[in-house]
Amino acid sequence: MRDLLGQMLPALADQAVALARIVDRTGAGPRETGAAMAVTARGQVLGSLSGGCVESAVLSTAAQVLLDGQSTLERFAAADELTVGLPCGGEIEVFVERLDHTDLPTLRALHTALEAHHPIGYATTLESTPDRRLLRSGDHRPWRGLDRDAAALLAAGHNGLIGAQDCTPAQADRPRAFVQVFRSPARMILAGASDYTRAMTVAATNLGYQVTVVDARETFTTSSRFPAAHEVVVDWPHRYLAAEHVAGRVDERTVLCVLTHDPKFDVPFLETALRLPAAAFIGALGSRRAHADRTARLREIGVPGTDIARVRSPLGLDIAATTPEETAVSILAQILATRGNATARPLSDLDGPIHHRPS
């Protein structure tokens, strides 16, 4: 959609436009969610959704949407002799909506933010008459019961579906919606090339994090051992972290975890992490005894106790995790609870709505 905006804005000044976007994808597919195609009232086609697999069907749908103004949602699965679909075998869900000159203020504001490289989200309910919302960091205005979930996607830096999967009358206050985020994903830097790290890369990637594994031991630190990681770096973790900070690639959304159980890695990494001006979460895997030893070593090199208290260790929530995969769930649950300022208690023990609202 980013590439289409500059072409859509002039067209919307004097004609309606049907905007089709991929809002969900399962399995293999030619384009990611957020990929867009636009059809103007005069028949001009901008962009594409696939390699030509579904465009003809979407063009027909767009013509109907332009005619009656009612948005629609279509799912395309694997093609066969009788149906239009994807030869790659995946599935996509396409939302087609009508835009006109009344949408220009919102779309111009979106275009201005993109030109200035400001993080922003564009949220659209998947209804016959969609409700649209621009999302900016720090904006906590209520929106259809979806504001918390939409803000979480903007913070994480990735697209997603939120709200009710089937919008029944009882769920009308939380309709299904697509949030398209124009921002780099939140980073997670994992120090230590261990089995726990491998499990974390898989689970964290599924949550939308851009994951880096860093370790000075070349034998263990290979891309083949961590196929889910976006980046595998052979370097001393503290040195790598310091360089990333200087390069401006560590911010208030970045999660930093040390998973090595080795003081020569743990202590320098934690010292560096605690001296950064911003980080979302700093954690260290290990027992209470290991953390007590780390704490003593950090104090010896002059790290204040108030800073050391920011380290989450022992790392994770109490869910009786033993395997690396279970431990990854435990750690990520703690990270999510911290990010959302949540209690991490069972919902059955709490009162009120299960979906948080910003304070």
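These notebook entries record what I looked up in one predicted model.

**Entry 1. Conventions**

I number residues from 1 along each chain as its sequence is written, and side-chain values use heavy atoms, with hydrogens and water left out. Since the model is predicted, local features need pLDDT of at least 70 and side-chain atom pairs count only at pLDDT 80 or more, while totals for chains, interfaces and linings use all residues. I take helices (H or I, at least four residues) and strands (E, at least two) as DSSP runs numbered from the N terminus.

**Entry 2. Helices α6 and α7**

Two packed helices are described by the angle between their axes and the distance between the axes. I looked up α6 (residues 237-246) and α7, whose axes come within 8 Å and cross at roughly 15 degrees. Axes are lines fitted to C-alpha atoms, for helices over the stretch in contact, and angles run from 0 to 180 degrees between N-to-C directions. The angle makes α6 roughly parallel to α7. Angles under 35 degrees count as roughly parallel, over 145 as roughly antiparallel, 65 to 115 as roughly perpendicular and the rest as oblique.

I noted that α6 and α7 cross in a right-handed sense. A crossing is right-handed if the near helix is turned clockwise from the far one by less than a right angle, and left-handed if anticlockwise. On the α6 side I found Pro237, His238, Leu241 and Ala242, which meet Phe265, Pro268, Phe269, Thr272 and Ala273 in α7. Contact here means heavy atoms within 4.5 Å. Ala, Val, Leu, Ile, Met, Phe, Trp, Tyr, Cys and Pro count as nonpolar, Asp, Glu, Lys and Arg as charged, and the others, Gly among them, as polar.

**Entry 3. Helices α7 and α8**

I then took α7 (residues 263-274) with α8 (residues 288-300), which pack at an angle of about 55 degrees with their axes 10 Å apart. The two helices α7 and α8 are therefore oblique to each other. I noted a right-handed crossing for α7 and α8 as well. Pro263, Asp266, Val267, Leu270 and Glu271 of α7 make the contact with Asp293, Arg294, Arg297 and Leu298 of α8. I sorted the residues of the contact of α7 with α8 into four nonpolar, no polar and five charged.

**Entry 4. Pockets**

Rolling a probe the size of a water molecule over the atoms shows where empty space is left. I searched on a 1 Å grid over the protein atoms alone: a cavity is a set of points where a 1.4 Å probe fits but cannot get out, a pocket is an open set with protein on both sides within 12 Å along at least five of seven lines, and lining residues have an atom within 4 Å of a point. Grid points are joined across faces, edges and corners, and a volume is the space filled by probe spheres set on the points.

I recorded about 1100 Å³ for the largest pocket. Its lining has 40 residues, of which Arg148, Ala151, Ala152, Arg339 and Gly340 are the closest to its centre. Two or more lining residues come from each of β7 (132-135), α4 (147-156) and α10 (324-339). Helix α4 gives the most to this lining, with 10 residues. I counted 20 nonpolar, 10 polar and 10 charged residues in the lining of the largest pocket.

The second largest pocket holds about 310 Å³ of space. I listed Val23, Asp24, Arg25, Glu32, Thr33, His158, Asn159, Gly160, Leu161 and Phe178 as its lining. Strand β1 gives the most to the lining of the second largest pocket, with three residues.

**Entry 5. Cavity**

I found one cavity of 30 Å³ or more in the whole structure. The largest cavity has a volume of about 40 Å³, and Tyr209, Arg253, Val255, Ala280, Phe281, Ile335, Thr338 and Arg339 line the largest cavity. Helix α10 supplies the largest share of this lining, three residues.

**Entry 6. Single residues**

I located Asp173 in the loop between β8 and β9 (177-182). Leaving aside neighbours within four places in sequence, Asp173 is in contact with Arg144 and Gly145.

I noted that the peptide bond from Ser313 to Pro314 is cis, with omega near -5 degrees. Pro314 lies in the loop between α9 (305-308) and α10.

I found a positive phi of about 60 degrees at His117, although His117 is not a glycine. His117 is in the loop between α3 (104-115) and β6 (120-125).
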